[in-house]
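Student: Please take one part of this structure and go through it closely. I am new to it and would like a connected account.

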Amino acid sequence: MDKLGKRGSGFARTRIPRPQVVLQPMQPACCSCSTRNCPCKMSQLPQKSPLASPLSEDMTTRVDNLPMESFWLEVENIKQSTEAEQEECSLADVKTQEEGEAEAEWLQDAGLSDLIGDHASENDNALLSTLTKTQAAAVQRRLDTYSRSRRRKNKPPVRDVRDIFGVVGSGETVTEKEEPSPDLLLHNLQTSNVQKLEAQDYSCTVRNPGKEEVFNMDVAYSEQAAVLLKGSFLTESKRIKDGNVLTKFKIPKGRLGVTRIGDLSAQDMKKIPTLALIELTALCDVLGFELKRNKAAKLKTTEKRLFGVPLNTLLENDQKLLPNTKVPLLLQALLSCLEKRGLETEGILRVSGSQTRIKSLEQKLERDFYSGLFRWDEVHQNDVSGLLKRFIRELPAPLLTAEYLPAFAAVQNIPDLKQRLQALNLLILILPEPNRNTLKALLEFLSKVVSRENNNKMNLWNVSTVMAPNLFMHKGLPNKIPEGKEKQLAEGAADVVRMMIHYQDLLWTVSSFLVAQVRKLNESNSKRYQFCDKRLKNLLRKIHADKDKVEKNQAEPSKVVKVHASLLLKDSLEVHLNNATRVADVLKQFQKNLCQNGWNIVNTVNFLKCNNSMECTNLLLYEVGGNIGEHCLDPDTYLLDLYHINPHAEWIIKQNPAYPRMF
């Protein structure tokens, strides 16, 4: 079985000018080089999955005939920079986890900690009720392994000879006590979901060569993979000769529209990484990969204020100056400078600036950045790009996180392109919010660089090969790796970066099945809380009565609801819903009444006159309450369908927040 692992790996120290990148073994190993002046390390890929081997013998050559010189040049620049500084790497030992420890850690991160320990809860976990068949099976596997390891640990020691012959005998016989297994918590869940899941239509997931691909986000990825595997529909991606030619994917908009990262409230987004981790594990199980989890290595703390500072610390400091900052101000300044003066520069990002000047500029930034005295107009563009890459490399933990960096790299081992993107989508959702926001800002800038290819001579593949070492190399991951896989590793890392740049809009989408699981989880938590208070019996009766009414309303072809706009108007808007009513229609109706009926406007609303009609340009409709915290709705959402799913929510029109420029 492949190891889609979280095990750090790296570049072994090699001779100049072409450092070698080699594949990491799955057994733990110590860094062969000295910790002093040790070069950066890169996470590596596992061996191919036995399941995928018939389909993927040439899978690693998807990027044949694409130039890799930029990749090796960037690796050499990084190595020389590290050697010149004579820095000492303080590396934490990564200890091999005992049997059951990895599973216990996974269950905790998956929000199922009440299933482990000496007093495992036998009550239903709300999260379990939301799982699909494949997700429940993934949980069951880890729970079984954890339970077996605990039984082994709890076995009595070998009896002393004196006990056998009664020298110190107590007359009691020690027997292995079987601890209550929480397996039954999943058994009913799996059997109850089987019929419903088997009834799903997965025909939309089958490839249709020669046409635009449909990227289904309504059905769990692991369920799609299970059906495709059962029907032998898995396909291998074709080799890519042109670095800019990639398959086009389209997310079909269902009746409930599409949800992007940022459309959900912070409270609901906190539930997404847990659900995404379970789904990613289930997808890996179906594909025959094992998701290994290791603790991250730690580096020494730094006295600096900008470079080598954790993202969370940077953002905390920046938010004191500019509240609601989501991307470090230094990164915003670097990207802004490059966007203004570097996008047209030939070889931007690839052509290295002076290491001496870059080091001097770093010291000046540490001293003058927050005081506003740093003069960006005096800095050469290539030096700014060097500072950008240095900022990313010097983060104490990799931008893609030490825990998941090898998993990002191992995505290339999945033979099917669509499933690679599914895994990347889940990994993006698992990332901590500061890492995810910072990565998005970087990828948006890189996309702008690619769009100016005619002037700067940096196409998608060029940018990917330059940035891959900066994202996948980190001096805090000190494992030795065997030789012979340099080309596969380099191409694979660059290919992952290329996918993140090209498909970033798709990757920053929250799948509909995850949103549905969040709704169900909220409903389960709400019901569990209500049952704990006897004083809410009357409310429960009312809820059941309302539920009966909702079921009747689902058969109704129309419904009248109120839409609020308290921040804009003192009045509410009555909307007649039918099967064709969309969010965009409600916003247009709101604008029409605003202009014609002379409503009392609380705040000024900006409008744009176009084609002799007035159209709102800065209004959004939010779904608030019920089984969701707050949800910014897609303009193409059909509201009657949404009402049936969440009848107790309020709908509120708000002004589109003024998004600050990322760079």
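Tutor: In this predicted model, helix H17 is mostly covered, with 13 of its 13 residues buried. The helix runs over residues 460-472. From the first C-alpha to the last, H17 reaches 18 Å, close to the 18 Å expected at 1.5 Å a residue.

Now the start of the helix. A side-chain oxygen of Asn 459 reaches to within 3.1 Å of the backbone nitrogen of Trp 461 at the start of H17.

Next comes a neighbouring helix. Two packed helices are described by the angle between their axes and the distance between the axes. For helix H12, residues 381-393, the axis comes within 8 Å of that of H17, and the two cross at roughly 30 degrees. Angles under 35 degrees count as roughly parallel, so H12 is roughly parallel to H17. The crossing of H12 and H17 is right-handed.

Helix H18 can be set beside this account. H18 covers residues 486-502 and has 17 residues. Its reach from first C-alpha to last is 24 Å, close to the 24 Å expected at 1.5 Å a residue. Of the 17 residues of H18, 15 are buried, so H18 is largely enclosed by the rest of the structure.

Terms used:
Residues are numbered from 1 along each chain as its sequence is written. This is a predicted model: local features need pLDDT of at least 70, side-chain atom pairs count only at pLDDT 80 or more; totals for chains, interfaces and linings use all residues. Side-chain values use heavy atoms; hydrogens and water are left out. Helices (H or I, at least four residues) and strands (E, at least two) are DSSP runs, numbered from the N terminus. The expected span of a helix is 1.5 Å times one less than its number of residues. Buried means under 20% relative accessible area, exposed over 50%, partly exposed in between (1.4 Å probe, protein chains only). A polar contact is a pair of N or O atoms within 3.5 Å; within protein, one must be able to donate a hydrogen and the other to accept it, and residues adjacent in sequence count only if both atoms are side-chain atoms. Axes are lines fitted to C-alpha atoms, for helices over the stretch in contact, and angles run from 0 to 180 degrees between N-to-C directions. Angles under 35 degrees count as roughly parallel, over 145 as roughly antiparallel, 65 to 115 as roughly perpendicular and the rest as oblique. A crossing is left-handed if the near helix is turned anticlockwise from the far one by less than a right angle, and right-handed if clockwise.
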